[in-house]
There are 4 protein chains.
Amino acid sequence: MNRIGWIGLGSMGRPMAANLLKAGYEVYVYNRTREKADELLAQGARWAVSPKELAEICDVVITMVSGASAVDRMLNGETGVLAGLSAGKMVIDMSTISPDDSRRFAKQVADRGGQFLDAPVSGSIKPATDGTLLILAGGKKDTYESCRPLFDVLGKNSIHFGESGMGTSAKLVINLLLGMTMEAISESLLLAEKTGLQREQILQMFSESGVNTPLLQMKKQNLLNEQFPAAFALNLMLKDLGLALETADRTSAPLPAAAVVHTVFNAAKETGKGELDFSAVFLHLMEMAGNQ
Amino acid sequence: MNRIGWIGLGSMGRPMAANLLKAGYEVYVYNRTREKADELLAQGARWAVSPKELAEICDVVITMVSGASAVDRMLNGETGVLAGLSAGKMVIDMSTISPDDSRRFAKQVADRGGQFLDAPVSGSIKPATDGTLLILAGGKKDTYESCRPLFDVLGKNSIHFGESGMGTSAKLVINLLLGMTMEAISESLLLAEKTGLQREQILQMFSESGVNTPLLQMKKQNLLNEQFPAAFALNLMLKDLGLALETADRTSAPLPAAAVVHTVFNAAKETGKGELDFSAVFLHLMEMAGNQ
Amino acid sequence: MNRIGWIGLGSMGRPMAANLLKAGYEVYVYNRTREKADELLAQGARWAVSPKELAEICDVVITMVSGASAVDRMLNGETGVLAGLSAGKMVIDMSTISPDDSRRFAKQVADRGGQFLDAPVSGSIKPATDGTLLILAGGKKDTYESCRPLFDVLGKNSIHFGESGMGTSAKLVINLLLGMTMEAISESLLLAEKTGLQREQILQMFSESGVNTPLLQMKKQNLLNEQFPAAFALNLMLKDLGLALETADRTSAPLPAAAVVHTVFNAAKETGKGELDFSAVFLHLMEMAGNQ
Amino acid sequence: MNRIGWIGLGSMGRPMAANLLKAGYEVYVYNRTREKADELLAQGARWAVSPKELAEICDVVITMVSGASAVDRMLNGETGVLAGLSAGKMVIDMSTISPDDSRRFAKQVADRGGQFLDAPVSGSIKPATDGTLLILAGGKKDTYESCRPLFDVLGKNSIHFGESGMGTSAKLVINLLLGMTMEAISESLLLAEKTGLQREQILQMFSESGVNTPLLQMKKQNLLNEQFPAAFALNLMLKDLGLALETADRTSAPLPAAAVVHTVFNAAKETGKGELDFSAVFLHLMEMAGNQ
């Protein structure tokens with residue numbers, strides 16, 4: 001398992017592939033636009049002309065792309081990964097997609113004799129660069145064990161949740177909590193604002209109390225300055241909340257606060273904050289309160 | 001400011017008074033039932049026959065009681081604190097009451113020539129014992145400054161939010177966030193449960209991610225074992241959420257998720273979980289989902 | 001019971017007093033600004049110089065004013081109704097106030113030997129003019145029976161719900177349903193809009209189905225033309241929803257949808273629709289959906 | 001257009017087919033279990049051995065079955081309607097399915113040269129029997145016009161909302177309003193209950209006011225007696241609310257109260273009320289309030 005094929009060189013994929021390279025793996029890369037590979041190639045990575053070629057050369061192929069339809073394009077078709085796959089090879093999808101899509105891809109890979117893991121990550125660009133992501137895996141236990149050395153390079157920890165789709169399920173759960181926590185912080189902050197308390201002091205109070213979170217520390221400046229450059233866009237959070245509630249509906253889980261939070265993010269997007277960071281939900285609540 | 005009068009020897013008041021004693025203050029205590037004072041008296045505290053006597057003897061009187069009506073009883077009446085108060089003395093109320101009640105008591109104390117601070121705390125029994133509470137103060141700046149040495153004994157930090165009532169306002173804000181965060185954790189956990197994920201793994205995932213909180217660490221065992229011994233009773237959280245929403249209504253702050261969270265806690269209480277810890281809202285959500 | 005004292009000549013009070021006059025009652029009126037009485041005086045009503053005088057002259061005094069503090073001003077003080085009240089006289093308050101306030105006024109009247117009814121009405125200007133209001137009464141059964149002839153003139157029906165405060169409780173309940181129904185219509189209409197259905201056809205569909213209401217018929221033109229002249233201002237509906245939820249909190253009634261509806265009306269007000277009709281909540285939802 | 005083929009003889013289908021028969025149409029029927037046809041056959045209907053045969057014999061085929069998968073089974077396969085369809089024939093689906101499914105079936109029928117209408121109905125068994133349903137149609141305008149004589153027999157009115165899928169969209173909208181109205185009635189009634197008002201009087205008040213609905217009249221006895229025999233099962237309402245919210249998500253319509261209502265119905269089902277009438281949501285709210 002020395003040759004790793006990497007597909008997807010976005011802001012997460014590049015530092016992750018670079019970490020594998022640094023750790024001594026032979027890394028082959030493919031990306032829709034080749035320029036994004038330049039830096040990695042300079043660092044020793046090699047270019048493959050297609051996903052198919054990657055699959056032929058490498059023991060493991062990792063996809064880290066924008067969503068289920070991008071994974072689909074990379075796996076299927078004449079030059080797709082599946083076309084180059086042979087028995088015993090592994091495909092790891094680290095994108096955030098729905099559990100149903102994960103299970104579908106797992107089946108496609110298994111049908112070609114391969115092994116599949118869904119392994120989305122919790123954490124954004126900085127932990128991707130530092131190799132301190134949290135990796136959420138679903139698939140066969142022994143496939144997961146075989147891939148652990150890679151996960152140990154990419155993340156500070158990995159958790160194997162069970163069969164295919166369980167990794168992406170766990171990702172929906174954590175993003176639901178992320179969205180709801182952001183809403184909780186924002187509503188509490190709005191109440192503080194309305195009662196005349198100073199925002200900075202309230203954020204300090206939160207920081208020193210039982211409700212302090214890494215999330216709060218990351219978003220504190222956004223909330224203070226009312227500037228919301230997208231680290232994780234509100235649009236994307238809205239999409240994940242939608243997937244979480246769809247799953248809740250299908251599994252008969254009544255989530256009353258989550259349902260309302262989803263509609264707040266929806267309204268935030270429809271009133272023009274979709275491209276901002278998801279912490280801009282605070283901005284939306286302020287507008288609703290006539291405070292802007 | 002060497003003689004401190006302490007009123008209220010519940011599970012929070014006793015360790016707090018003990019810390020002042022240890023720090024070298026002369027502490028006089030009064031409590032409705034005298035037995036609760038035995039241990040403190042053995043440690044060197046002295047008994048006062050009434051709140052009035054406390055006020056006559058001491059420079060500062062601190063109340064740490066169950067609510068606004070208890071504060072009222074201690075301040076007013078023939079043997080109350082106000083009857084013994086003279087110009088320049090200070091009264092600090094550390095109970096959790098509404099901002100309106102704080103302002104009322106501040107006025108009563110000022111009318112007698114005294115100075116008043118509302119200074120509720122964030123933190124429960126352990127930080128009260130360790131002297132690591134977070135103290136949330138409202139009242140005149142110089143009164144606050146005079147009392148800081150006491151706060152430095154009782155807490156790891158204190159914040160002065162502004163005029164009378166601002167301390168109790170801040171307390172409502174942080175308890176709102178506490179209640180909403182507990183709901184967010186519980187709903188996310190329920191979704192995980194329904195999709196077949198293991199609770200222990202999900203709690204581990206939360207613990208290692210951006211949504212980790214001291215709160216989660218405190219309640220983790222409750223959630224795992226479905227045992228909810230009250231550290232902070234659901235009933236009391238419900239009361240605070242009610243006060244927060246009442247304040248939101250009066251200040252025209254639309255808090256959609258908070259409004260729903262309040263109804264969930266209300267239903268949790270009405271279906272019999274009021275005396276349990278407020279993390280038992282998870283138990284309630286599980287029941288709603290037919291999982292118990 | 002021939003002499004009726006009437007206090008409050010707003011848009012509801014004037015036609016109601018006129019109906020009593022037409023029915024043959026001797027009507028004495030008092031109002032803060034005298035001009036509003038001109039028309040009634042021309043029709044045969046007589047002016048009283050104060051609420052006290054009204055109470056001295058009349059068997060029954062009816063208040064129909066803007067809220068609890070206005071009722072308070074009319075009842076109390078040197079020239080107030082209570083100052084002129086003697087045993088056996090009746091005071092009927094038809095304003096919309098809280099059950100607690102009703103009970104307080106009932107006690108004040110009883111302390112003077114009088115009898116009190118809270119009797120708010122369901123219905124707006126047109127039914128007030130036509131004498132087809134629905135009257136919601138609380139107080140002693142025999143007091144209610146004595147007043148029925150008056151209610152038969154003012155309304156198409158009256159209901160006696162029980163002791164003092166029960167009339168105003170019933171009023172909160174019906175206004176809660178009114179607000180929630182308006183929200184339900186508005187959200188359904190928004191979904192229709194977003195799926196490309198024609199608003200007029202959808203309103204026709206509602207009108208011919210099991211969800212048709214007199215309310216829908218009254219507001220249909222508003223919804224079609226997106227013009228919301230206030231028949232019942234959103235501000236006032238928001239106030240009533242607030243009172244209803246406060247009552248729900250005090251009586252431990254978890255009302256999840258009502259809680260959310262309240263926050264929607266709150267946001268509608270804070271974004272500038274408080275003076276419009278309460279059906280303008282549709283406008284607010286449209287804005288939230290980026291449709292304006 | 002004299003020969004009508006009817007598929008689906010459930011509690012709605014039978015009286016509807018009988019009405020066509022009474023109106024003089026030649027009606028051919030097909031149903032999975034033949035016994036359900038006995039009464040209609042005695043009244044003059046004729047039996048077809050398969051959906052295919054129906055399509056060969058008749059000008060119009062109407063499906064009134066349990067859901068999209070049942071429609072699918074009737075249309076497709078060797079003995080399905082499509083196998084017997086020739087150019088110019090019409091297929092009308094009156095079942096409640098999703099707009100996406102309607103569009104899919106419309107395409108399948110068009111591919112065989114036929115014309116398709118989605119025409120779900122508003123109304124239950126009594127209006128089906130009386131021929132007073134409200135028919136909600138989507139599809140080509142001229143197809144709709146050709147079918148109007150049939151709709152005039154089956155319903156008191158029909159509305160053509162536009163292209164394929166618009167009939168089923170309208171159905172989701174009206175059922176959303178139905179569910180939300182039921183929730184609104186139930187929450188208001190719960191508040192009344194908690195404040196000590198009599199349920200019967202409150203229902204009378206609702207009945208005489210602006211919020212009266214045919215729905216309320218239909219469910220009044222259920223609410224009074226706390227007996228909820230299913231006229232429209234809570235399970236089915238929950239399914240429709242789920243479809244409505246899915247559509248809302250896809251079309252970016254933030255529906256905050258609807259989102260919460262959905263979770264209440266979900267919890268009502270999960271706590272065992274799925275098979276009862278959807279008005280049993282009142283029972284669920286009462287339980288949440290500790291009133292049962």
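Domain bounds here come from an automatic or database domain assignment. With that in mind, chain A splits into domain 1 (3-162) and domain 2 (170-288), and the C-alpha centres of those two domains lie 30 Å apart.

Before I go on, some housekeeping. This is a predicted model, so local features need pLDDT of at least 70 and side-chain atom pairs count only at pLDDT 80 or more, while totals for chains, interfaces and linings use all residues. Residues are numbered from 1 along each chain as its sequence is written, and chains are lettered from A, with ligands numbered from 1, in the order in which they are written.

Okay, back to the two domains of chain A. How many residues of domain 1 are in contact with domain 2? Seven, and they meet six residues of domain 2; contact means that the C-beta atoms, placed from the backbone, lie within 7 Å. On the domain 1 side, that's three nonpolar, four polar and no charged residues. For the classes, Ala, Val, Leu, Ile, Met, Phe, Trp, Tyr, Cys and Pro are nonpolar, Asp, Glu, Lys and Arg are charged, and the others, Gly among them, are polar.

Now chain A as a whole. It has 14 helices and nine strands, where helices (H or I, at least four residues) and strands (E, at least two) are DSSP runs numbered from the N terminus. The radius of gyration, taken over C-alpha atoms, is set against a globule rule of 2.2 Å times the number of residues to the power 0.38. Chain A comes out at 20 Å, close to the 19 Å that the rule gives for 292 residues, so it's as compact as a globular protein of that length. Along the principal axes, its C-alpha atoms fill a box of roughly 65 × 45 × 35 Å. Of the 292 residues, 61% count as buried. By that I mean 20 or more other C-beta atoms within 10 Å of the residue's own; exposed is 12 or fewer, partly exposed is in between, and the C-beta atoms are placed from the backbone. And if you take contacts between residues at least 6 apart in sequence, 64% join residues at least 24 apart.

On to how the copies are related, with superposition by least squares on the C-alpha atoms of residues with pLDDT of at least 70 in both. Chain B goes onto chain A with a turn of 180° and a shift of 0.0 Å along the axis, at an RMSD of 0.1 Å. That's the relation of a two-fold axis. Chain D also superposes on chain A by a rotation of 180°, here with 0.1 Å of shift along the axis and an RMSD of 0.1 Å. Which C-alpha in chain D is nearest that axis? It's the one of D:Ala259, 2.7 Å away.

Last, a few individual residues. C:Leu133 sits in strand 8 (residues 133-138) of chain C and is buried, with 28 other C-beta atoms within 10 Å. Its contacts beyond four places in sequence include C:Val121, C:Pro127 and C:Leu154; the C-alpha of C:Leu154, 21 residues away along the chain, is 6.5 Å from that of C:Leu133.

Then there's phi. Most residues other than glycine have a negative phi. C:Ser252, though, has a positive one, near 55°; this serine is in the loop between helix 12 (234-250) and helix 13 (256-273) of chain C. D:Glu226 has a positive phi near 50°, and is exposed, with 12 other C-beta atoms within 10 Å.
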